[in-house]
Amino acid sequence: MAMDRTTLVAEVEKAFGARITEKDLAGFEPFLRCEPATWPELARFLKERCGLDMLCCLTGVDRGKGQGLEAIYNVEACDAKRCGISIRIRVPLDNPVIPSVEKVWQTADWHERECWDLVGIRFEGHHNLVRILCAEDWEGHPLRKDYKSPDRYHGIKNNVV
Amino acid sequence: MSSDSATTAVNAGDLRTEEMLLNMGPQHPATHGVLRVMVRTDGEVVLDCEPHVGYLHRCFEKHCESVTTLQSVLYTDRLDYLTAMGNNWGFCMAVEKLWGPELVIPERAEYIRVICQELNRIASHLLAIGTYGMDVGAITPFLYCFREREKILTIFEHICGQRLNYNYIRPGGVAYDIDDAMLGMIRDFCAYFGPKVDEYDDLLSTNDIFVHRTAHVGVLPVKTAIDYGCTGPVLRGSGVARDLRKDQPYGIYERFQFNVPVGTGERGTLGDCFDRYMVRVREMRESLRIVEQAVKGIPGGEIRSTKIKGKIRPPKGEAYTRIENSRGELGFYVVSEGKEVLYRVKCRAPSFHNISVLPAISRGAMVADLIAIIGSMDIVLGEVDR
Amino acid sequence: MADIHDQEFGLGDGATQDGILLTRVDQLINWTRKSSVWPMTFGLACCAIEMMATGASSYDIDRFGSGPFRATPRQADLMIVAGTVSHKMAPRVKRLYDQMPEPKFVMAMGACTVSGGPYIKHGYHVLKGVDRIVPVDVYVPGCPPRPEALLEGLFRIQEKMERERLLDKTRCGARPKVLVE
């Protein structure tokens with residue numbers, strides 16, 4: 001059981017070695033980076049071996065300038081005195097696919113749907129990857145940096161200013 | 001389905017009615033806003049249900065990357081509009097974190113933040129309890145709770161000029177100072193409200209009908225709660241004492257004495273609707289204790305950090321902070337590029353998680369109990385849909 | 001007959017000592033109508049909380065004959081659109097309006113329903129004013145409006161009801177029958 005962040009990261013590194021492609025523990029938000037293919041295994045490891053049983057937040061970011069999209073997972077333990085870690089996964093804009101972890105943390109179900117809806121990252125293996133916030137027939141992913149709000153929606157003028 | 005003899009089992013099988021798909025909401029008096037639940041029922045029994053959200057999607061995250069940081073505070077008000085102070089604080093804390101430890105919030109501002117947040121928590125729980133009573137058929141507590149809530153809103157109106165969406169806590173401090181007359185009002189309120197909590201507790205918690213409607217209903221096991229990321233009174237109702245004010249004290253919370261009430265299953269099963277309700281009642285008392293201590297200890301001095309002046313340009317970086325709002329853990333992930341406008345803001349809303357657990361705990365319940373379960377979750381659609 | 005606005009109950013001064021009341025049918029019906037406005041329970045967002053506060057203690061909307069918030073549109077006279085209407089919600093709002101029996105009145109409560117409010121520029125998913133889908137009788141500005149403002153809005157609706165003509169199908173003269181879309 002990893003207690004503080006250093007031990008946690010050491011344990012993850014021991015198990016995954018070079019598959020953790022980047023490590024930054026100095027910033028405000030310490031993170032590890034991995035490839036999409038590693039993620040389901042890493043997620044299971046974090047939950048079962050490190051006791052991080054809560055997926056607190058899943059942020060999708062469009063990094064812009066040809067840097068693709070990024071998913072940031074904040075994984076925590078229910079015992080809030082313990083440290084969590086954030087995992088970043090970067091995917092290209094033309095093929096943004098990350099394996100789903102809804103089987104690891106149930107809450108990932110809605111989070112991944114939201115991330116697909118707003119940022120447009122496709123989560124492979126999700127049982128029901130449909131829009132959650134926007135209307136079903138909405139077009140585009142609003143939080144992409146190149147998104148343009150539709151002029152009309154169902155005949156109703158949308159951009160008025 | 002349990003049965004004593006084989007005959008009843010056969011009969012029960014025969015009595016199974018045709019399944020019905022029932023659409024509840026988005027306009028429904030008991031869904032607390034524009035929640036839509038698709039319910040598959042067998043007679044009066046809920047076989048399965050699926051919440052559909054998004055009917056109040058107000059593009060919060062898009063606004064944060066389109067308007068300046070200071071203007072974004074205004075939009076955080078409208079997430080969880082029952083605890084707008086908490087939203088302001090959560091967002092400001094995330095932005096303040098980008099400056100690092102060199103940014104120190106003045107003592108007085110920290111005290112004011114705590115006072116406002118805890119008063120707001122009381123107001124929010126009052127509304128939760130009042131409307132919950134109404135959901136299960138008791139109108140009177142609603143009227144009483146709103147009367148007390150108005151008193152808190154009057155105090156807020158004196159402090160910042162708004163009744164609901166305060167826009168009061170700003171990066172680096174608070175917007176306006178509070179004077180002795182306002183502190184006097186808060187002191188008066190504390191003296192007045194203490195006995196009132198007991199009165200309402202008596203009115204509803206010991207009401208036989210209320211207990212029957214809520215005990216043993218919608219039992220949320222701890223494992224499910226954690227798996228779905230539930231926090232706040234919903235998780236504490238299941239007996240887990242997770243409270244960020246205690247576990248990861250932010251602001252100046254480590255200075256105050258208070259307990260973290262958890263569900264005990266006193267009237268039914270651990271983690272049922274009654275436990276979640278009871279946690280809220282007890283939290284009001286604890287919040288009142290914090291307010292009393294804070295009013296006593298509030299120092300003089302500045303209310304805004306001198307480090308943040310004029311246009312707010314958060315330094316380049318990324319930060320994730322969480323606070324304990326009245327509905328649970330409210331997190332903000334902020335990405336800044338050193339400009340006036342933030343690059344990306346993500347809000348981790350407690351209600352979003354709390355309502356996602358609904359299908360898991362309402363299978364097998366009666367349709368009428370579904371209302372009690374939704375009410376006990378105390379969701380605010382503003383932050384579910386953002 | 002005196003002007004109805006001068007009278008407390010708007011029934012005219014036709015009462016005689018023998019218990020006979022002389023008034024116009026219009027006035028009688030409008031008086032009953034405005035004295036029992038049943039709004040629909042239709043909370044969308046922040047404004048709904050202020051609407052609840054208006055109905056609860058301290059403000060007590062029942063004093064003005066408008067207490068019973070109905071859960072179904074079929075029993076309601078007044079739709080208070082309280083809160084932001086999103087594009088996803090808009091068809092539902094329209095359907096609820098269509099389900100209300102005539103005569104029906106709509107109040108746009110709060111900046112969001114008046115024009116889109118704070119969401120007017122960047123709110124890609126927000127309807128910019130509820131008057132794009134249903135005809136609105138009274139606009140109540142504010143974010144959210146105070147309960148007093150909502151009560152004032154109700155009084156304006158009641159004034160409008162007083163001016164109704166029973167046989168005039170266009171009602172109040174200027175009310176559009178065709179929806180603005």
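User: How do you know that Lys97(B) and Glu29(A) form a salt bridge?

Analyst: In this predicted model, the closest N and O atoms of Lys97(B) and Glu29(A) are 3.5 Å apart. A salt bridge needs a side-chain nitrogen of Lys or Arg within 4 Å of a carboxyl oxygen of Asp or Glu. Lys97(B) brings the nitrogen and Glu29(A) the oxygen, so the pair qualifies.

User: How many salt bridges does the rule find across the interface of chain B and chain A?

Analyst: The rule finds nine there.

User: What makes Glu76(A) and Arg322(B) a salt bridge, and where do the two residues lie?

Analyst: Their side chains meet at 3.4 Å, N to O. The limit is 4 Å, and Arg and Glu are among the residues named by the rule, so this pair counts. The pair crosses between chains: Glu76(A) is in strand E4 (residues 69-76) of chain A, and Arg322(B) is in strand E6 (residues 317-325) of chain B. Over all chains, a search of the whole structure finds 51 salt bridges.

User: Which residue numbers and area describe the contact of chain B with chain A?

Analyst: Chain B gives 43 residues and chain A gives 44 residues. About 3,600 Å² is buried between them, with carbon and sulfur atoms giving 55% of that area.

User: What does chain A itself consist of?

Analyst: Chain A has three helices and nine strands. Along the sequence they follow the pattern α-β-β-α-β-β-β-β-α-β-β-β. The C-alpha trace of chain A spans about 55 × 30 × 25 Å along its principal axes.

User: Which helices of chain B supply the side that touches chain C?

Analyst: Helix H2 (60-64), H3, helix H5 (107-135) and helix H6 (140-160) of chain B each supply at least two residues. The largest share, seven residues, comes from H6(B). By class, this side of chain B has 17 nonpolar, nine polar and nine charged residues.

User: How is the contact between chain B and chain C described in residues and area?

Analyst: The contact takes 35 residues from chain B and 34 residues from chain C. The area buried is about 3,000 Å², and carbon and sulfur atoms give 63% of it. There are 15 residue pairs in polar contact, counted with both residues at pLDDT 80 or more.

User: What describes the packing of helix H3 (residues 69-77) against helix H4 (residues 84-97) in chain B?

Analyst: Two packed helices are described by the angle and the distance between their axes. Here the axes come within 8 Å and cross at roughly 145 degrees. The crossing of H3(B) past H4(B) is right-handed.

User: Which residues of H3(B) and H4(B) meet?

Analyst: From H3(B) come Thr69(B), Ser72(B), Val73(B), Thr76(B) and Asp77(B). They meet Ala84(B), Asn87(B), Asn88(B), Phe91(B), Cys92(B) and Val95(B) of H4(B). The contact has five nonpolar, five polar and one charged residues.

User: Why is the phi of His216(B) worth a note?

Analyst: Most residues other than glycine have a negative phi. His216(B) is not a glycine, yet its phi is positive, about 65 degrees. His216(B) lies in the loop between helix H8 (208-214) and helix H9 (222-227) of chain B.

Terms used. Residues are numbered from 1 along each chain as its sequence is written. Chains are lettered from A and ligands numbered from 1 in the order in which they are written. This is a predicted model: local features need pLDDT of at least 70, side-chain atom pairs count only at pLDDT 80 or more; totals for chains, interfaces and linings use all residues. Side-chain values use heavy atoms; hydrogens and water are left out. Contact means heavy atoms within 4.5 Å. Buried area is the accessible area (1.4 Å probe) that two parts lose on being put together, summed over both. Axes are lines fitted to C-alpha atoms, for helices over the stretch in contact, and angles run from 0 to 180 degrees between N-to-C directions. Helices (H or I, at least four residues) and strands (E, at least two) are DSSP runs, numbered from the N terminus. A crossing is left-handed if the near helix is turned anticlockwise from the far one by less than a right angle, and right-handed if clockwise. Ala, Val, Leu, Ile, Met, Phe, Trp, Tyr, Cys and Pro count as nonpolar, Asp, Glu, Lys and Arg as charged, and the others, Gly among them, as polar. A polar contact is a pair of N or O atoms within 3.5 Å; within protein, one must be able to donate a hydrogen and the other to accept it, and residues adjacent in sequence count only if both atoms are side-chain atoms.
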